[in-house]
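Dear colleague,

Please find the structure below, handed over for your review. My notes on it follow directly after.

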Amino acid sequence: MPTDPADLLRQRGIQVTAQRLAVFRAVSGHPHITADAVAEAVRNEIGAISLQSVYDALGVLVGEGLIRRIQPAGSPARFEDRVADNHHHLICRTCGRMVDVACAVGSAPCLTASEDNGYEIDEAEVVYWGRCPQCVKKAKKKEKSRGQRQHG
Ligand SMILES: [Zn+2]
Ligand SMILES: [Zn+2]
């Protein structure tokens with residue numbers, strides 16, 4: 001994105017502060033970052049910031065649609081600035097690594113509910129849970145060594 005983050009904030013009528021800019025930059029630079037990690041990145045960039053200020057800034061940015069909040073079950077919330085395409089996520093149950101997957105059909109919202117029960121649906125959230133290649137490899141290695149012990 002060639003646009004200056006400060007301009008993006010201004011376009012949405014968000015007051016530009018050093019903290020908000022640093023939070024936005026941290027999310028842009030680290031897709032699927034947690035609030036804790038944002039706080040760490042911001043501290044490295046502009047010095048002290050409280051976790052509460054990080055949450056406040058994240059809340060403002062999410063509220064204005066500049067970043068997206070993903071809340072996988074049993075995992076801390078993650079934040080990303082890829083907001084326009086309704087993409088989905090693959091999450092490793094073992095190590096928590098999260099990667100993007102393209103929308104299942106093409107355009108948002110990609111899932112048409114068979115029965116909307118009168119709801120006005122604007123988003124379909126899909127999370128694919130499983131194990132990442134590294135964790136599968138590690139698990140296989142473990143199984144192999146266990147098997148060898150049983151035979152020997
Ligand atoms: Zn993993
Ligand atoms: Zn993503």
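The buried residues of α3 pack against α2 (18-29), β1 (33-34), α4 (51-63) and β3 (78-80). Here helices (H or I, at least four residues) and strands (E, at least two) are DSSP runs, numbered from the N terminus. A residue is termed buried if 20 or more other C-beta atoms lie within 10 Å of its own, exposed if 12 or fewer, and partly exposed in between, with C-beta atoms placed from the backbone. The model is a predicted one, in which local features need pLDDT of at least 70 and side-chain atom pairs count only at pLDDT 80 or more, while totals for chains, interfaces and linings use all residues. Residues are numbered from 1 along each chain as its sequence is written, and chains are lettered from A and ligands numbered from 1 in the order in which they are written.

The residues of α3 that count as buried are A35, V38, A39, A41 and V42. Seen down the helix axis, they fall within an arc of 170° and so line one face of α3; the arc is that of the directions from the helix axis to the C-beta atoms. D36 and N44, on the other side of α3, are exposed. The helix itself comprises 12 residues (35-46) and reaches 16 Å from its first C-alpha to its last, close to the 16 Å expected at 1.5 Å a residue; the expected span is 1.5 Å times one less than the number of residues. Just after α3, G47 adopts a positive phi of about 95°.

With regard to the packing of α3 on α4, their axes come within 9 Å and cross at roughly 110°. The two helices are therefore roughly perpendicular to each other, a label given to angles of 65 to 115 degrees, with those under 35 counted as roughly parallel, over 145 as roughly antiparallel and the rest as oblique. The contact is made by A35, V38, A39 and V42 of α3 and by L51, V54, Y55 and L58 of α4. Axes are lines fitted to C-alpha atoms, for helices over the stretch in contact, and angles run from 0 to 180 degrees between N-to-C directions. Two residues are in contact if their C-beta atoms, placed from the backbone, lie within 7 Å.

I49 lies in the loop between α3 and α4. I49 is buried, with 20 other C-beta atoms within 10 Å. Leaving aside neighbours within four places in sequence, I49 is in contact with Q19, A39, V42, R43 and V54. The C-alpha atoms of I49 and Q19 are separated by 7.6 Å, although these residues are 30 apart along the chain.

Turning to the sheet, three strands form an open arrangement in the order β1-β3-β2, with antiparallel pairing. β1 and β2 (68-70) stand at the edges, each with a single partner strand, so one side of each is left without a neighbour in the sheet. Strands are taken to pair if DSSP finds at least two bridges between them; β1 and β3 pair over two bridges. I33 stands opposite F79 in β3.

H32 lies in the loop between α2 and β1 and has a positive phi of about 65° although it is not a glycine. H32 counts as buried, with 20 C-beta neighbours inside 10 Å.

For the protein chain overall, there are five helices and six strands. Of its 152 residues, 18% count as buried.

With kind regards
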